[in-house]
Amino acid sequence: MMIHGHDATTARRPRLLPWSSLDGNPCYLVSDDTGDSYLSRVADNVEYVQLGMAEDLLSHAADLLGDGERKATAPQLHFLASRLAESLRDVHRIARSRGARLHVSDGNDDESSDFTPAARPDS
């Protein structure tokens with residue numbers, strides 16, 4: 001069976017990208033390469049930035065909520081909750097995307113764990 005000029009056996013699963021379309025719909029990358037295309041690298045870098053921002057936000061939340069002496073104001077808590085919700089959405093999308101790309105054993109593999117984590121982008 002041919003799909004857009006490529007053998008169906010070489011087609012990869014669509015990759016959920018770490019951003020949405022302008023109208024909020026998910027964006028996917030369909031590729032038959034090794035996952036090292038320009039757009040794949042851009043997506044990897046965006047994920048890396050989003051995960052770093054989530055880590056920074058968690059640190060900020062711990063500081064804001066940590067000690068009982070300093071009381072956060074309602075506007076501060078609202079702002080924090082809004083940013084945490086945005087960050088959770090991003091991290092959830094990354095987890096779904098990466099989970100969908102994990103190797104799934106068909107029972108014929110010699111190794112039960114064939115997963116090798118991807119290297120983190122340098123930039």
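Modeller: A contact means heavy atoms within 4.5 Å. In this protein, residues 24 or more positions apart account for 48% of the contacts with a separation of 6 or more. The model is predicted, so local features need pLDDT of at least 70 and side-chain atom pairs count only at pLDDT 80 or more, while totals for chains, interfaces and linings use all residues. Residues are numbered from 1 along each chain as its sequence is written, and side-chain values use heavy atoms, with hydrogens and water left out.

Biologist: Which residues does Val46 touch, not counting residues up to four places away in sequence?

Modeller: Val46 touches Pro18 and Trp19. The C-alpha atoms of Val46 and Pro18 are separated by 6.8 Å, although the two residues are 28 residues apart along the chain.

Biologist: In what order do the elements of the protein run from the N terminus on?

Modeller: Elements are DSSP runs numbered from the N terminus: helices are H or I with at least four residues, and strands are E with at least two. The order here is β-β-β-β-α-α, which comes to two helices and four strands.

Biologist: How is the pairing of β3 and β4 to be read?

Modeller: Two strands pair if DSSP finds at least two bridges between them. Strand β3 (residues 15-20) pairs with β4 in the antiparallel sense, over three bridges. Ser20 stands opposite Pro26 in β4. The two strands form a hairpin with five residues between them, and Gly24 in the turn has a positive phi of about 90°.

Biologist: Which residues form the covered face of β4, and which the uncovered one?

Modeller: In strand β4 (residues 26-29), Cys27 and Leu29 make up the covered face, whereas Pro26 and Tyr28 make up the uncovered one.

Biologist: What share of the 123 residues of the protein count as buried?

Modeller: Buried means under 20% relative accessible area, exposed means over 50%, and partly exposed lies in between (1.4 Å probe, protein chains only). Of the 123 residues, 18% count as buried. Accessible areas come from the Shrake-Rupley method with a 1.4 Å probe, and for residues only the protein chains shown count as cover. The protein exposes about 9,400 Å², of which carbon and sulfur atoms supply 57%.

Biologist: Which residues of α2 are buried, and against what do they pack?

Modeller: Leu80, Ser87, Asp90, Arg93, Ile94 and Ser97 are buried in α2. The buried residues of this helix pack against β3 and α1.

Biologist: Which residues form the nonpolar patch on the surface?

Modeller: Patches are made of residues with over 30% relative accessible area and no salt bridge; like charges are joined within 9 Å, and nonpolar side chains (Val, Leu, Ile, Met, Phe, Trp, Tyr) within 5 Å. Here the patch consists of Tyr48, Val49 and Met53, with about 280 Å² of accessible area together. Tyr48 is found in helix α1 (residues 38-66) and, at 31% relative accessibility, counts as partly exposed.

Biologist: How many salt bridges does the count come to?

Modeller: Side chains of opposite charge can pair when their charged atoms come close. A salt bridge is a side-chain nitrogen of Lys or Arg within 4 Å of a carboxyl oxygen of Asp or Glu. By this rule the count is eight. One of them joins Arg15 and Asp44, with the closest N and O atoms 2.8 Å apart. This pair links distant parts of the chain, since Arg15 lies in strand β3 and Asp44 in helix α1, 29 residues apart. Arg15 counts as buried at 6% relative accessibility, whereas Asp44 is partly exposed at 26%.

Biologist: Where do Glu47 and Arg101 lie?

Modeller: The side chains of Glu47 and Arg101 meet in a salt bridge (3.8 Å, N to O). Glu47 lies in helix α1 and Arg101 in the segment after α2 (74-100), so the pair ties together parts that are 54 residues apart in sequence. Glu47 is buried at 1% relative accessibility, and Arg101 is partly exposed at 33%.

Biologist: Which residues are linked in a network of salt bridges?

Modeller: The network links Arg15, Asp44, Glu47, Arg98 and Arg101. A further salt bridge joins Arg41 and Asp36, with the closest N and O atoms 3.9 Å apart. Arg41 is partly exposed at 37% relative accessibility, and Asp36 is partly exposed at 48%.
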